[in-house]
Protein chains: 4
Amino acid sequence: MARFSEVPGRYQVRDLALAESGRHQIRLAEHEMPGLMALRTELGPSRPLAGARITGSLHMTVQTAVLIETLVALGADVRWASCNIFSTQDEAAAAVVVGPRGTPDDPSGPAVFAWKGETLAEYWECTLQALLWPDGGPTLLLDDGGDATLLVHQGVRHEAAGAVPATPPVGDPEHSEEHAVVLDLLRRSLADDPQRWTRVAAGVVGVSEETTTGVHRLYQLADAGDLLFPAINVNDSVTKSKFDNRYGIRHSLPDGLNRATDVLIGGKVAFVVGYGDVGKGAAEALRGQGARVVVAEVDPICALQAAMDGYQVARLDDVVDQVDFVVTCTGNRGVVTVEHLAALKDKAVVGNIGHFDNEIDMAGLAAYPGVRRTELKPQVHEWTFPADPATGRAERSVIVLSEGRLLNLGNATGHPSFVMSTSFANQVIAQVELFTRQGSYDRHVHRLPKVLDEKVARLHLDALGVGLTRLTKDQALYLGIDVDGPYKPEHYRY
Amino acid sequence: MARFSEVPGRYQVRDLALAESGRHQIRLAEHEMPGLMALRTELGPSRPLAGARITGSLHMTVQTAVLIETLVALGADVRWASCNIFSTQDEAAAAVVVGPRGTPDDPSGPAVFAWKGETLAEYWECTLQALLWPDGGPTLLLDDGGDATLLVHQGVRHEAAGAVPATPPVGDPEHSEEHAVVLDLLRRSLADDPQRWTRVAAGVVGVSEETTTGVHRLYQLADAGDLLFPAINVNDSVTKSKFDNRYGIRHSLPDGLNRATDVLIGGKVAFVVGYGDVGKGAAEALRGQGARVVVAEVDPICALQAAMDGYQVARLDDVVDQVDFVVTCTGNRGVVTVEHLAALKDKAVVGNIGHFDNEIDMAGLAAYPGVRRTELKPQVHEWTFPADPATGRAERSVIVLSEGRLLNLGNATGHPSFVMSTSFANQVIAQVELFTRQGSYDRHVHRLPKVLDEKVARLHLDALGVGLTRLTKDQALYLGIDVDGPYKPEHYRY
Amino acid sequence: MARFSEVPGRYQVRDLALAESGRHQIRLAEHEMPGLMALRTELGPSRPLAGARITGSLHMTVQTAVLIETLVALGADVRWASCNIFSTQDEAAAAVVVGPRGTPDDPSGPAVFAWKGETLAEYWECTLQALLWPDGGPTLLLDDGGDATLLVHQGVRHEAAGAVPATPPVGDPEHSEEHAVVLDLLRRSLADDPQRWTRVAAGVVGVSEETTTGVHRLYQLADAGDLLFPAINVNDSVTKSKFDNRYGIRHSLPDGLNRATDVLIGGKVAFVVGYGDVGKGAAEALRGQGARVVVAEVDPICALQAAMDGYQVARLDDVVDQVDFVVTCTGNRGVVTVEHLAALKDKAVVGNIGHFDNEIDMAGLAAYPGVRRTELKPQVHEWTFPADPATGRAERSVIVLSEGRLLNLGNATGHPSFVMSTSFANQVIAQVELFTRQGSYDRHVHRLPKVLDEKVARLHLDALGVGLTRLTKDQALYLGIDVDGPYKPEHYRY
Amino acid sequence: MARFSEVPGRYQVRDLALAESGRHQIRLAEHEMPGLMALRTELGPSRPLAGARITGSLHMTVQTAVLIETLVALGADVRWASCNIFSTQDEAAAAVVVGPRGTPDDPSGPAVFAWKGETLAEYWECTLQALLWPDGGPTLLLDDGGDATLLVHQGVRHEAAGAVPATPPVGDPEHSEEHAVVLDLLRRSLADDPQRWTRVAAGVVGVSEETTTGVHRLYQLADAGDLLFPAINVNDSVTKSKFDNRYGIRHSLPDGLNRATDVLIGGKVAFVVGYGDVGKGAAEALRGQGARVVVAEVDPICALQAAMDGYQVARLDDVVDQVDFVVTCTGNRGVVTVEHLAALKDKAVVGNIGHFDNEIDMAGLAAYPGVRRTELKPQVHEWTFPADPATGRAERSVIVLSEGRLLNLGNATGHPSFVMSTSFANQVIAQVELFTRQGSYDRHVHRLPKVLDEKVARLHLDALGVGLTRLTKDQALYLGIDVDGPYKPEHYRY
């Protein structure tokens with residue numbers, strides 16, 4: 001088997017022969033993504049994205065395939081990379097490249113650069129490929145976590161400075177393997193074309209960002225006055241953050257744990273770090289499987305919510321030796337330290353479903369004296385801490401999923417289609433807004449108006465058999481709102 | 001038994017002899033209201049409300065007694081009325097008037113005008129009494145539903161016009177019994193003192209409002225440019241709307257249903273109208289008791305949430321003949337019509353836990369041809385629809401709670417202390433803000449800053465044994481926030 | 001107000017004027033008790049209990065009133081006492097005595113001897129009155145906890161011995177206040193009529209017993225060969241123990257806690273002692289209200305069930321200082337000791353929903369040095385432990401419900417009608433079996449055949465809108481069972 | 001790749017090279033199976049099964065590998081087949097054959113004949129191989145579903161008759177493909193050795209049976225007087241039926257659905273056929289994922305339980321067009337007919353988690369005019385019903401899992417280790433009982449004594465951190481039981 005199906009600059013995926021299997025899954029996913037399909041029906045004929053060049057950096061799954069093909073149906077030209085080294089479903093990537101009407105021998109779909117199990121260097125090279133058209137850069141970015149946006153912004157900054165700074169040496173607190181890879185890539189780029197990113201940035205009319213972490217970065221850029229183009233914060237649409245983050249995790253967390261380990265969840269102690277939307281979904285899923293859930297929080301409001309929802313709220317330090325499962329849901333770094341890992345129950349399962357792989361201190365774990373790593377199967381590793389004769393403590397091990405990266409994507413197939421349909425309908429609407437209403441959005445971070453949020457919800461009701469009640473005119477008048485919405489003030493929290 | 005314990009202008013309650021029982025309950029409630037007690041400890045010594053005259057219009061319960069005595073501990077002079085004709089706990093009202101150190105023969109507490117079972121005329125007279133000091137009006141309003149604010153604003157408007165408009169006649173769609181009472185009161189007031197409300201309004205430095213309905217009115221006033229003083233929207237503090245509205249209802253809804261009817265909830269079909277915070281708490285409580293919950297919604301986002309939470313979402317029309325319990329949670333009017341009432345299962349139980357008594361069409365019910373009303377016990381009435389020989393339909397009845405007013409207050413004792421402690425801590429903080437920072441708030445509707453919201457949460461953690469995790473400095477830096485909060489962006493939804 | 005409405009030997013209740021209110025509640029309860037009403041329809045015409053004299057010893061609630069009137073509708077003559085000093089609903093007792101067609105001035109219903117708040121001496125005198133007809137004793141006993149059965153058996157034993165033994169002195173481990181009362185009563189009886197109980201026992205053709213504790217006593221009597229007449233164990237019908245014990249408690253436990261204390265359950269730590277059917281219902285109810293539930297068990301199977309259902313399982317000693325609520329559900333004695341009570345969180349709420357008042361060591365509590373008892377309201381007492389200067393421990397208190405007796409009956413109104421309809425339909429069927437099939441049951445403890453258990457269930461399906469699937473003949477053949485049941489082997493556990 | 005790793009008569013599995021991966025999983029499973037490991041520790045030294053030859057017919061999973069190696073550790077000689085054509089985990093089968101101390105080149109473990117995806121003919125040949133030692137038959141059977149027992153009993157019957165009856169022709173209601181395979185096998189056997197099964201049966205000292213369906217067959221044999229050796233009903237140990245059946249399904253049902261389809265469960269309508277222990281676990285799991293669960297039942301007691309647990313109870317016919325998922329949990333046949341399948345929502349997912357593949361009418365489906373079967377991936381098939389021009393009905397399809405066989409085993413890896421540890425600890429104890437106490441059990445179906453059931457539970461408490469409360473002597477005396485159990489009467493239902 002060749003390592004890849006690849007045409008340089010055109011696509012690079014695992015194997016185009018997987019396309020048929022991927023197409024079956026896409027077809028089923030379309031049935032589960034009524035929001036995207038309704039947008040194709042509504043907007044397809046007018047092709048509002050005709051002329052748009054979209055670079056996507058978002059987990060290359062079956063659901064993303066339906067998103068990509070929706071963007072294409074609306075007229076866009078698309079290039080895509082995944083935003084996580086483990087999250088690509090190779091059959092989906094293949095099917096997108098082949099396209100609904102192409103064949104593996106004559107692929108006619110968009111350009112995809114993604115496979116499951118990339119190295120960090122490969123990952124960033126794929127991101128680069130997705131950003132560069134043969135004759136220029138993208139009009140729009142569609143980002144998840146902000147890596148495409150980051151590459152453009154860092155490229156521009158270094159081009160302005162005329163130099164890429166030196167990589168901090170290993171051991172320096174600023175050093176990270178990934179940071180080093182990015183600096184190398186930009187150093188080569190600068191040598192190759194000292195204005196590449198400046199030109200790319202100038203052509204971008206906006207970015208729509210999928211997730212908490214990427215949005216956080218965007219607000220930091222905007223606050224500093226450094227944001228180079230308008231951004232739409234899709235994450236904070238209600239139909240994104242309150243659906244994908246919560247209900248998606250509720251589905252895909254136990255799915256990931258089960259596929260990875262087959263360990264019974266019921267009756268066990270599951271420790272959930274963070275009680276935001278993701279943590280809420282995680283806790284609900286684990287309780288629904290009969291686990292006793294303990295939650296950690298830094299925010300007193302979320303902590304109080306967790307308590308009122310019936311969960312014990314504790315610091316990991318205080319209960320670490322009772323814990324069977326640890327799931328991180330924070331977007332923060334170092335929430336599970338190597339000391340925690342060493343103190344957990346023997347064979348505890350540890351995974352991250354937040355965002356980056358620094359939630360669990362994987363670097364610290366790898367550096368722990370005498371620790372031993374055994375691959376049980378891909379994306380499932382047993383890390384064994386040596387016995388300590390001094391304390392009489394026996395050898396013990398923990399099972400770490402997806403090397404500390406998103407376990408629902410690394411160990412399972414990510415969120416199910418239906419919940420991604422709400423997220424991705426927001427993405428499509430955001431892309432159309434940015435492209436068709438250029439000039440209406442300034443270089444800040446914007447959210448979609450509530451009425452579009454409500455529209456996304458509305459597109460998903462029939463599939464669930466929901467009978468929506470309609471306000472009478474009298475009632476609408478009494479409430480001082482329109483019969484067709486928006487129904488709530490902006491600050492409403494749902 | 002005398003009808004009332006009363007000293008005109010000083011207090012009017014059911015019976016001061018109830019004070020001892022009320023004091024016991026207040027003492028226990030203090031234990032359950034750590035937020036208020038912490039504010040007494042923190043702010044009591046500096047007496048930030050010294051010189052403030054506070055008129056409260058808020059359910060005169062045991063919990064409100066702890067609120068009132070906290071305001072007094074911070075230096076305020078207080079007068080109080082209830083904001084619902086059924087919601088007063090007479091022993092709490094008595095205990096407040098008597099005061100912690102007074103006796104029924106020598107009461108030394110604040111002025112209270114409230115008893116369980118007021119008529120509408122009595123209700124508004126009590127509100128009037130609470131607004132009028134022997135020598136003027138209040139500095140601050142503390143409102144729940146906005147009736148005190150309404151009286152001041154309507155008074156000012158009619159004084160400006162020089163006349164109170166005629167009461168719309170019975171049968172006119174604008175007519176309501178309550179509206180007529182208010183117009184009468186203002187008519188007498190205008191005759192008595194044509195500048196009373198204009199002077200009162202001029203003395204008010206602000207109002208803090210407790211609930212959705214009152215806030216809605218405030219935004220309407222502010223949007224029209226008619227708001228006469230600054231307002232703080234306490235309802236939309238997270239620690240209010242996401243706690244009191246949800247967790248308070250979760251507790252007090254089944255409590256009210258049980259005390260009213262003793263009817264098994266498990267196995268029954270419970271129909272919840274509205275899936276906002278109140279509806280979410282109601283649905284959770286009913287499911288927790290084993291009911292099968294069906295939800296109605298007009299907002300597609302909330303409807304989709306209900307579906308994703310596992311509830312059937314349907315229009316009441318479509319399932320009305322399967323329904324054993326109906327609970328309205330909307331703040332809207334006419335959500336249960338008399339046609340619905342007539343079509344429910346025989347002996348279905350119907351109650352409102354939203355706000356006003358027009359959620360269920362009580363007027364339409366009373367006007368239904370041949371309907372018969374039987375008082376089963378106070379606040380529990382069976383309404384019997386006559387048999388219909390034409391259709392062969394047998395006589396059937398529904399049980400209506402609290403005459404369509406808030407069932408948790410009318411049939412039980414309202415929200416429990418702990419959850420009111422989060423709400424009322426926000427109220428106290430809002431009152432202190434309005435009074436000590438006069439000039440900082442303009443004539444609009446304001447929300448408390450997030451850091452104060454987080455403070456309220458923090459005051460309630462120890463009582464629940466919550467172990468809060470603390471950010472490291474590195475983590476705070478990584479997240480770009482302060483170690484001590486605020487932890488979330490303003491738009492965060494919890 | 002006279003202390004009682006009373007005609008010696010005919011009835012003794014609180015006040016016959018309460019009958020109208022009681023009748024309303026009975027009418028509503030009839031709607032909720034489809035099993036009993038169906039039995040009236042099915043069996044009423046043939047009057048299978050004509051000639052039967054039934055003595056009932058069972059909580060004199062509204063639901064029991066429907067049971068009593070069902071027995072009467074089937075032809076029986078009935079006398080009744082409650083089986084708990086606090087569990088009578090005085091309006092139900094009055095309504096039964098008055099009867100559906102009588103008036104308070106001309107009562108025409110069965111003889112009832114019961115009121116809320118009996119002393120122990122009054123309680124046993126009522127039991128005696130219920131057992132003695134003007135001209136003899138009962139044909140049938142209908143018992144709950146076995147007190148009527150106990151009185152007959154002890155009476156017979158002492159009559160055989162010719163003497164009642166001396167009462168163990170206070171301080172003797174065998175001494176209990178209740179035991180002393182019973183011995184006194186029997187001593188007087190023996191003096192009065194040395195063969196009374198021997199004659200009574202000879203006339204009894206059987207007893208049907210309602211609850212775990214009474215059944216346990218019956219098996220002990222039968223195993224010792226001392227059972228004087230046949231017994232039917234109603235408690236272990238599936239439609240009793242798996243419904244009343246579980247779903248009844250799920251309803252009435254939070255109801256009792258709420259009416260007693262108004263303390264928020266959500267977010268608190270609730271400790272449930274025992275995870276049998278009652279404990280399972282208790283834990284579900286508390287979790288449904290957002291409490292964090294911790295369970296104690298002695299049986300490893302039930303302990304493992306609790307763990308698998310997601311509850312922490314711990315000894316009370318190990319977590320006592322974190323506990324806000326303690327609920328005992330064991331049928332065992334001394335499961336909460338005075339040491340536990342003294343170690344709970346300040347103002348913890350403690351109640352028993354198992355059976356006897358010795359689950360919580362009330363005697364030990366009363367004897368605790370320096371302890372202080374304050375009545376907050378009837379059936380709600382604060383017990384304050386003095387400060388201990390030696391340890392620096394501050395004064396603290398616990399709230400004890402119903403003096404350690406069943407809190408759902410003492411603080412609320414017991415189980416709701418619907419669930420009692422399943423229990424009581426079993427009782428009626430058992431009484432009919434014992435009376436019409438005398439000779440078929442020997443002097444042991446029997447259970448009703450499964451097909452009657454299934455019948456009881458079947459009578460309750462329509463009211464809940466259940467659409468039962470019917471086996472095809474082929475399916476029944478395949479399974480080797482009859483289309484109409486029974487559907488399961490005897491050992492099936494449901 | 002060779003089709004199999006195989007040594008005739010010694011083993012036949014997919015690939016011995018999978019043994020290393022299987023051994024990793026076995027090692028992790030041992031950690032999760034404290035019951036089996038404790039029995040190795042307790043009983044291993046005395047080797048109570050020395051001399052026993054055990055034939056197992058039970059899903060050849062990782063957990064079964066730990067069971068097999070426990071039996072070996074207790075001295076037994078073992079041969080094994082799976083009891084389902086899809087349920088083998090090939091790496092587990094390989095690891096067992098290789099043995100903990102063997103290598104793929106020099107396997108030293110027990111004989112296994114099993115692989116994932118057997119044909120029916122292969123399946124029964126494997127069963128035959130497991131039953132025949134080079135020099136005779138087994139001493140003990142360990143059965144799941146009763147196929148090994150069936151083969152022995154049918155063999156004996158036909159040998160007694162001297163002939164195997166003719167296979168009913170296709171189209172005959174008695175015909176089934178599987179029945180035909182068994183008759184062929186026995187026909188060959190009879191030709192080969194006319195006394196084989198008579199000799200085998202004579203050597204069997206007993207069988208322990210794992211599951212409802214097999215137990216049902218055993219009771220039928222015993223009732224007819226045809227049971228050839230004693231049987232222990234392991235299924236009805238509490239620690240089996242109330243754990244494996246319920247909590248195992250709770251885990252493995254969503255796991256199977258997710259791996260098969262990736263379709264969101266939340267918000268969907270899931271129809272659960274049967275509300276026994278398996279159905280209860282299924283409904284809990286689906287609700288825990290946010291589905292709206294509708295239950296079908298034939299038994300009114302179970303139907304009433306489902307209603308009281310808050311589920312809608314309906315016939316499939318009445319709601320079929322609203323259903324997104326159907327899961328059969330009955331042990332009955334034909335509970336989902338082809339008419340149901342054709343009437344479901346488009347792309348509904350249908351699977352069986354009961355026992356045999358006739359719960360869903362797969363034969364009827366295959367025979368439906370114009371139906372089309374598409375393999376989406378192994379064990380996941382889309383069946384497309386043609387459009388019907390007559391009614392205007394569009395083409396629609398359903399997704400059928402594992403060809404109607406157990407989806408948790410066919411689409412996932414079956415129950416997790418921990419819950420199988422309780423089941424399999426019962427199996428080991430049953431095998432030891434049958435072998436060491438030959439003569440104590442007659443030719444009927446027996447259950448293990450309660451104290452052994454409690455022992456199995458006890459062995460699993462520490463792993464879950466359960467703190468078991470211990471009765472005091474006084475309490476045990478009061479309850480009339482032993483401090484060490486058994487704690488409940490035989491009829492107790494848990």
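Tutor: Let's start inside: the second largest cavity holds about 240 Å³ of space. A cavity here is a set of points on a 1 Å grid over the protein atoms alone where a 1.4 Å probe fits but cannot get out, and the volume is the space filled by probe spheres set on those points, joined across faces, edges and corners. This is a predicted model, where local features need pLDDT of at least 70, side-chain atom pairs count only at pLDDT 80 or more, and totals for chains, interfaces and linings use all residues. Residues are numbered from 1 along each chain as its sequence is written, chains are lettered from A and ligands numbered from 1 in the order written, and side-chain values use heavy atoms, without hydrogens and water.

Student: How many cavities are there of 30 Å³ or more?
Tutor: The structure has 11 of them.

Student: Back to the second largest cavity: which residues lie nearest its centre?
Tutor: Gln25(A), Leu28(A), Val62(A), Thr261(D) and Asp262(D), out of 22 lining residues. Lining means having an atom within 4 Å of a point.

Student: And which elements give two or more residues to that lining?
Tutor: From chain A, α1 (19-32) and α3 (62-73); from chain D, α11 (244-261) and β14 (372-377). α1(A) gives the most, with 6 residues. Helices (H or I, at least four residues) and strands (E, at least two) are DSSP runs, numbered from the N terminus.

Student: What's the lining of the second largest cavity like by class?
Tutor: 8 nonpolar, 11 polar and 3 charged residues. Ala, Val, Leu, Ile, Met, Phe, Trp, Tyr, Cys and Pro count as nonpolar, Asp, Glu, Lys and Arg as charged, and the others, Gly among them, as polar.

Student: New topic. At what angle do α2 and α18 of chain A cross?
Tutor: Roughly 35°, and the axes of α2 (residues 34-43) and α18 (residues 417-436) come within 7 Å. Axes are lines fitted to C-alpha atoms, for helices over the stretch in contact, with angles from 0 to 180 degrees between N-to-C directions.

Student: Which residues of α2(A) meet α18(A)?
Tutor: Pro34(A), Gly35(A), Leu36(A), Leu39(A) and Leu43(A); their partners in α18(A) include Phe418(A), Phe424(A) and Val432(A). Contact means heavy atoms within 4.5 Å. By class, that contact of α2(A) with α18(A) has 10 nonpolar, 2 polar and no charged residues.

Student: OK, how do chains A and B relate?
Tutor: Chain A can be laid on chain B by a turn of 180° and a shift of 0.0 Å along the axis, with an RMSD of 0.1 Å. The two copies are thus related as by a two-fold rotation axis. Arg493(A) has the chain A C-alpha nearest that axis, 2.2 Å from it. Superposition is by least squares on the C-alpha atoms of residues with pLDDT of at least 70 in both copies.

Conventions. 1 Å grid on protein atoms, 1.4 Å probe; cavity = no way out; pocket = protein on both sides within 12 Å on 5 of 7 lines; lining within 4 Å.
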